[in-house]
Amino acid sequence: MTVRVLVVGDVLLDRDIEGDVRRISPDAPVPVVQVEGTNERAGGAGLAATLLAREGIEVHLATALAEDEPAKRLDVLLTERVPVTEILRSPGTRCKTRVRSAGQSLLRLDVEAPAQIDDVCDVAALEEQLEAADAVLVADYAGGVVGHPEVWDVLHRWASQRAVVWDPHPRGAEPVPGVTLATPNKAEAVQFTGRSAPLDQLAGDLRDRWQAWAVAVTDGGNGVFAALGGAPALFVPTPFNHSGDACGAGDRFAGTAAALLGSGATARAAIEAAVDDTAGWLAAGGVTATEVVGAAPPENDAAAVIRRVHANGGTVVATGGCFDILHAGHIASLEAARRLGDALIVLLNSDDSVRRLKGADRPVNSVEDRRRVLESLRCVDAVAVFGGNDPCVLLDQLRPDIWAKGGDYTAEMLPEAPIVNSWGGRVVLVPYLPGRSTTAILQEGSSR
């Protein structure tokens, strides 16, 4: 079944000016950015729509467009990926320009529209798109589309007929009564309720106020607090920490939830899956990796971590193994390896690889479970899976600065050593706890 999502909201033109900072200006205490390139993409509701389209979901965008030069560029960026229905005429295109270096934003320049939208809405066109949709994502960026009286009234009528996810804006319209899910962030929840309180309480307050089936308050890397129906509050933590650029994370979360709800998922299942999806998307580079026109496909989590650490002049350490049943010996080696540098990447044997190395009854735990356990460790920054008998091919792709292995190995026992040495990397042995092994644990368990 193909899920069709209608995105309704304000579009913006986003620009990223990327450059290198190597000195401070002599006439003011500001960094000098040596510009290396400029990337453009559709922002706001346009970003929400293109993120969904990249996942193979059928998406349609209902918005307001202007007749200025930025709007012409937006038209090209959008129509390459998403069909657009113009339901209102905008007085001007809003533009947001970020100056960035080494993956971090240094400055943002905003150009706002000269006036609010006061055009007559093409209600028939909006109704036609709603009729064809399985789910609706309202991406409010306070540009006047969602707050337009005719648009708001139409969405109000349809809220009981479609799965509607409403991503609100503190300067925009409040959700229509009866939406399936509203997704304010922490600051928005505080502003809408007018009080500071635990986020589970704010989610409940807003669920009652907006008469929504569910409200999920996002709190960055901490996770999501949700109030669903009459059930106790739900907390969904993020699967790992992310310290880089989180631009577009809210759009990704709301869009993923809308697509899942449109396919028949429950609100709880949609929220939980959207948290994992958004975290993985950020780890793979987020909007800068996926929304630049002509960009390469997103790199895996490990490559994104390595790129970020090297951009900041740091050292990347990698280690590898099956990690079938995690024990104290594993933890000791992993913690020691992490202390050698600024990030630790674990190269993990796939299930087939473990089976070839350990026998037909292994692994005990699937690669998905083993990966999740490793990613939960504070000392592990990313996990990459390989399918061979050794990690040499993946190592050559990632090229960490240090390859760390437990002290029970010798250089002759490590086929990875020549590969690591070939790019100037180092092989370092770390202590291990004698007498700890997965095989010994399994043998002891079977003898009881």
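Visitor: Let's start with Trp 210: is it buried or exposed, and what is its relative accessible area?

Guide: Trp 210 is buried, with a relative accessible area of 2%; buried here means under 20% relative accessible area, exposed means over 50%, and partly exposed is in between (1.4 Å probe, protein chains only). Before going on, a word on the ground rules. This is a predicted model, so local features need pLDDT of at least 70 and side-chain atom pairs count only at pLDDT 80 or more, while totals for chains, interfaces and linings use all residues. Residues are numbered from 1 along each chain as its sequence is written, and side-chain values use heavy atoms, with hydrogens and water left out.

Now for the ring partner. Rings of Phe, Tyr and Trp (its six-membered ring) pair if their centres lie within 6.5 Å; planes under 30 degrees apart are stacked, over 60 edge-to-face, and the rest tilted. By that rule the model has 2 aromatic pairs. In one of them, the ring centres of Phe 192 and Trp 210 sit 5.2 Å apart with the planes at 80°, so this pair counts as edge-to-face. Because Phe 192 belongs to helix α5 (residues 186–193) and Trp 210 to helix α6 (residues 199–210), the pair ties together parts that are 18 residues apart in sequence. Helices, by the way, are DSSP runs (H or I, at least four residues), numbered from the N terminus. Phe 192 is buried too, at a relative accessible area of 9%.

Step back to the helices themselves. The axes of α5 and α6 come within 10 Å and cross at roughly 55°; axes are lines fitted to C-alpha atoms over the stretch in contact, with angles from 0 to 180 degrees between N-to-C directions. That makes α5 oblique to α6, given that under 35 degrees is roughly parallel, over 145 roughly antiparallel, 65 to 115 roughly perpendicular, and the rest oblique.

Who touches whom? With contact meaning heavy atoms within 4.5 Å, α5 brings Lys 186, Ala 189, Val 190, Phe 192 and Thr 193, which meet Leu 199, Leu 202, Asp 205, Leu 206, Arg 209 and Trp 210 in α6. The residues of this contact split into 7 nonpolar, 1 polar and 3 charged; Ala, Val, Leu, Ile, Met, Phe, Trp, Tyr, Cys and Pro count as nonpolar, Asp, Glu, Lys and Arg as charged, and the others, Gly among them, as polar.

Conventions:
Helices (H or I, at least four residues) and strands (E, at least two) are DSSP runs, numbered from the N terminus.
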